[in-house]
Amino acid sequence: MKKKSIEIKHYVDPKGITKAKLRGVEIALLLNRVSDVSQKDGYSLGAQHRHGDEYITDLSYTLFTEYNIAETASKSHLRKNFDQMVQEIRLLASMSSTPVNLIVEKSDRLSRNFTSKETLQKLAKAGMLRIHYYKTKKIFDKNCSPEDVFHDDIETAVAKYAAANIGRESQKGSKEKAMEGVFPGRAPLGYKNKRIHEEQNRNKRGRAVIIVDPDERCVKAVKRIFELRAVNGLSYEGIKHQIIEENILPPEKVRSFSKTGVEKILQNKFYMGKFVWIDEEYDGSQEIIIPKEHLDIVFNTKRGKHTLRPRGIFSNFLTCSVCGCAILYDPKKKYIKSKDITRQFEYYHCSDGKRHHKQNSEKQVNISEEKIFAQFEAVLDSFEISESSALKISNYLKDEHRKIVDGQKKQIQRDQQAIKAFEKQEDDLLELLMSRTIDEVSYQRKLKQLREDKKILSSQIERVQSKFAAGFMLTSDSILELAKHSKSLWKTKNKEERVELLKLLLSNQQLNGKVVESTLHKPFKILGEIRDLEELAKKKLPKKEAFSKWCPGEDLNLQSSRHTALNRACLPICIY
């Protein structure tokens with residue numbers, strides 16, 4: 001039992017057990033437990049088995065099951081094997097006329113926490129279990145006195161203290177080991193834990209060191225992971241697929257290789273010669289296997305989306321309309337022999353993070369930065385309006401805005417008059433109370449209602465005042481100004497300023513192969529429709545026919561302009 005945490009031996013087939021077969025039989029379960037499989041001498045599983053078997057033979061008990069457990073006894077939530085044993089005790093006790101005999105070396109082999117011990121004590125008190133501590137010749141059953149229970153609890157408390165002390169000493173030892181530059185835990189991928197038996201420690205187990213994994217495939221895989229991140233800028237998911245496709249890892253490692261595993265490797269300071277142990281960072285003595293230039297890029301770059309790749313002007317601005325992945329900046333350099341210069345060409349393509357294009361055998365489509373800008377420039381033509389139309393719209397909006405503000409002011413005046421009326425009613429109500437025309441209960445009820453009505457009106461005044469929208473005309477004029485001079489502004493701006501301008505105008509910018517797709521923000525979309533209306537006016541179409549093409553709905557709601565700076569339904573009136 002080297003790697004297993006539990007080994008269960010059934011000496012009697014549990015499926016064939018019946019009440020008749022258990023009549024007159026003294027059932028025995030043998031529990032052998034160690035905290036670590038490396039324990040030897042008198043505490044080993046083999047030694048416990050030998051002494052326990054002799055004890056059972058002397059008492060002429062029938063051994064049903066033997067539990068060989070290698071796990072902690074101090075933490076009840078980790079003891080799955082203990083719970084399995086308790087279930088078997090309950091089952092056998094329900095079919096037997098005598099208690100089940102649990103044979104164990106001593107108290108601390110059975111439990112080092114009160115939760116588990118109290119579970120067994122309850123079974124013993126119920127007459128279902130009899131615990132034999134063969135080393136101390138003690139038996140715990142339903143006939144135990146309070147003094148026996150008290151002594152059993154003391155032994156559990158001592159064992160609990162011993163476990164806590166061992167844990168503390170172990171932690172001190174691991175910290176000392178960390179200070180020497182040796183990582184006390186399990187070595188990550190690319191490295192191996194090893195003990196040099198020629199240099200024994202105080203436990204005569206050999207000095208622990210961490211070496212480069214003799215399996216070159218693991219070392220190669222780690223180097224490739226850092227390379228794909230630093231040079232190619234692949235995502236964690238992309239790196240995982242690439243490593244699996246290149247068939248670098250040993251087959252047994254591939255099964256557990258995941259995106260999360262890639263992330264942990266790339267964030268593990270162990271690969272740069274350091275490690276963190278109990279919230280403290282130490283300088284490690286392990287050999288560094290990752291090239292320094294790759295470590296510098298991976299660990300000195302802020303984590304986030306696409307931060308490891310070279311950034312283009314359209315980075316984080318476009319997405320693929322087919323698969324929804326980000327559009328990556330992928331510059332290409334070409335040497336021009338005739339001019340003896342190296343020129344860089346700015347290209348973009350879908351990152352294909354979801355592997356959609358690759359699974360459909362689609363080739364990578366690259367588009368130059370110039371072509372993307374050219375397509376965005378064409379969008380500006382769709383809403384540019386004339387100076388005269390902009391002036392008409394501005395005057396119309398100012399007039400509408402003035403009407404709305406006047407209406408809001410009148411509403412506030414009405415609400416303020418109503419509040420004064422409520423205050424007068426409060427005074428009248430107080431006079432009625434003083435003259436004893438109404439009682440105290442009626443007064444409080446009506447007063448509460450009046451104050452609630454007054455509070456509603458006050459809230460309504462605040463809402464109306466907040467809708468005055470002081471920046472309404474400023475925003476409207478800015479939009480109109482932008483619509484008049486968008487093309488001239490575009491030509492005078494540099495690349496960064498053009499992208500900022502596009503952010504004001506557009507939403508949902510996507511790239512479908514080499515075709516740019518986007519949606520104009522609503523005000524500019526409406527201006528584009530107004531421009532279409534201007535074209536209808538130039539054709540001298542009758543007003544009724546032009547309006548039907550503009551807004552084919554029923555009645556036009558002139559008041560809807562209070563909800564949007566440039567309203568589709570009412571603006572044609574001032575244009576045509």
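1. Asn 316 lies in the loop that links α11 (292-299) to β11 (319-320); helices (H or I, at least four residues) and strands (E, at least two) are DSSP runs, numbered from the N terminus. Although not a glycine, Asn 316 has a positive phi of about 65 degrees. Most residues other than glycine have a negative phi.

2. The model is a predicted one, in which local features need pLDDT of at least 70 and side-chain atom pairs count only at pLDDT 80 or more, while totals for chains, interfaces and linings use all residues. Residues are numbered from 1 along each chain as its sequence is written, and side-chain values use heavy atoms, with hydrogens and water left out.

3. Ser 60, also not a glycine, has a positive phi of about 60 degrees. The loop between α2 (45-58) and β3 (62-70) holds Ser 60, which is exposed at 62% relative accessibility (exposed means over 50% relative accessible area, buried under 20%, partly exposed in between; 1.4 Å probe, protein chains only).

4. Lys 117 belongs to helix α5 (residues 114-125) and is buried, with a relative accessible area of 0%. The side chains of Lys 117 and Ser 107 make a polar contact (2.9 Å), that is, a pair of N or O atoms within 3.5 Å, one able to donate a hydrogen and the other to accept it; residues adjacent in sequence count only if both atoms are side-chain atoms. Leaving aside residues up to four places away in sequence, Lys 117 touches Ser 107, Leu 110, Ser 111, Tyr 133, Asp 152 and Thr 156 (heavy atoms within 4.5 Å).

5. Overall, the chain has 20 helices and 18 strands, and 40% of its 576 residues are buried.
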